[in-house]
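Here is a quick briefing to read alongside the structure. Take a moment to look over the fold, then come back for the highlights.

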Amino acid sequence: MAIFCRVRSLNHLSKCISSIDPLSLLSSSTRRFYSEQVSSGFESVGFIGLGNMGSRMANNLIKAGYRVAVHDINSNATKKFSDMGAATKETPLKVAEASDVVITMLPSSSHVYDVYTGPNGLLRGGELRPWLLIDSSTIDPQTSRKLSIAVSDCTLKEKKDYPKKPDMLDAPVSGGVLAAEAGTLTFMVGGSEESYLAAKSLFLAMGKNTIYCGGSGNGSAAKICNNLAMSISMIGVSESLALGQALGLSASTLTRVLNSSSGRCWSSDSYNPVPGVMEGVPSSRNYDGGFASKLMAKDLNLGATSAEEVGVRCPLTSQAQKIYTQLCKNGHETEDFSCVFRHYYSGKNES
């Protein structure tokens, strides 16, 4: 479809752009598919994995009016949702049989693989009722891509004009437990763009930002790269602040310098690792809550493995991996990852 607009001024150009319907740029079959999904939505949503993140995400879906069926190996977690009126299912397969779309939020690649391909997994029998499966776990891109192929090899129980086959999105999140609670997560999504557009309303029921990252596995890749940068910046800020203390600077003073200069970053201005410098962050409550060091170590392992597989040198990732692995061995695996300031650099509280 050709679009013509004779531009007379910048203001007129803005009006021309705003008048274009984005759906008009898509093929007719894609437009029909997207319109049908937006109008009807996913009425029944399956959710598997009710940990610190998943329980809050599922709760926000219920608040948004979706009919939710849940599964978790922890019966205490499912009981909470049963008390709220949500359907609880004994296996992932039973969740799939009751859902239009299924979301998984699990601890590791092996957990996700088992939920999809295990004896009572989502893909058992090679036939699916839900045409879309969404994995929001933080796992390696290779596993995401393998599972996406396995999903596309299945058939749909209920035949529809489009899509002809079931599809999968990898859609890990950023923001942590507080953002999951508040419904302000950011979703990094890999897979087909058509499926991403169809699922966008689901993402926005649990978050405030969605970023389409490209093909299958790219959402998982983006999450690994983001956490890699986050860990390295936290180590750098902690090292700087610990050195500053040893040289006679207060952490508050050096933080003001960093945040007014080129050293400013999220770890210094929003998630400061020094107890007593900033309120409302894990360092202000003895590193309780937040993003556990064991999870950061896991993500760095994923990053290091992925880098090795594609032949990219990542020396800072390797060093960060060693530091967080050591923190976990020393008994700090459940403390927030900003505890590297105290337990690796022996940094002091701000008096």
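This is a predicted model: local features need pLDDT of at least 70, side-chain atom pairs count only at pLDDT 80 or more; totals for chains, interfaces and linings use all residues.

**Nonpolar cores**
- The largest nonpolar core has 37 residues, and V45, F47, M57, L61, I134, F187 and F203 touch the most other members.
- Helix α9 (residues 193-206) supplies the largest share of this core, with eight residues.
- A second, separate core holds 25 residues, including M296, I323, C328 and F337.
- Beyond its neighbours within four places in sequence, I134 is in contact with V101, V102, I103, T104, Y116, L169, A171, A199, L202 and F203.

**Helix α10 and what comes after**
- Helix α10 (residues 218-246) has 29 residues and spans 42 Å from its first C-alpha to its last, close to the 42 Å expected at 1.5 Å a residue.
- Just after α10, G248 has a positive phi of about 100 degrees.

**Salt bridges**
- The model has five salt bridges.
- K79 pairs with D83, with the closest N and O atoms 3.0 Å apart; both residues lie in helix α4 (residues 75-83), four residues apart, about one turn of the helix.
- D83 is exposed, at 56% relative accessible area.
- R129 forms a salt bridge with D100, again with closest N and O atoms 3.0 Å apart.
- R129 sits in the loop between β5 (127-128) and β6 (132-135) and D100 in the loop between α5 (92-97) and β4 (101-104), so the pair ties together parts 29 residues apart in sequence.
- R129 is partly exposed at 28% relative accessibility, and D100 is partly exposed at 22%.
- R264 and D269 meet through their side chains in a salt bridge (2.9 Å, N to O), and D269 is partly exposed at 26%.

Notes: Residues are numbered from 1 along each chain as its sequence is written. Side-chain values use heavy atoms; hydrogens and water are left out. A nonpolar core is a set of buried Ala, Val, Leu, Ile, Met, Phe, Trp, Tyr and Cys residues joined through side-chain atoms within 4.5 Å. Buried means under 20% relative accessible area, exposed over 50%, partly exposed in between (1.4 Å probe, protein chains only). Helices (H or I, at least four residues) and strands (E, at least two) are DSSP runs, numbered from the N terminus. Contact means heavy atoms within 4.5 Å. The expected span of a helix is 1.5 Å times one less than its number of residues. A salt bridge is a side-chain nitrogen of Lys or Arg within 4 Å of a carboxyl oxygen of Asp or Glu.
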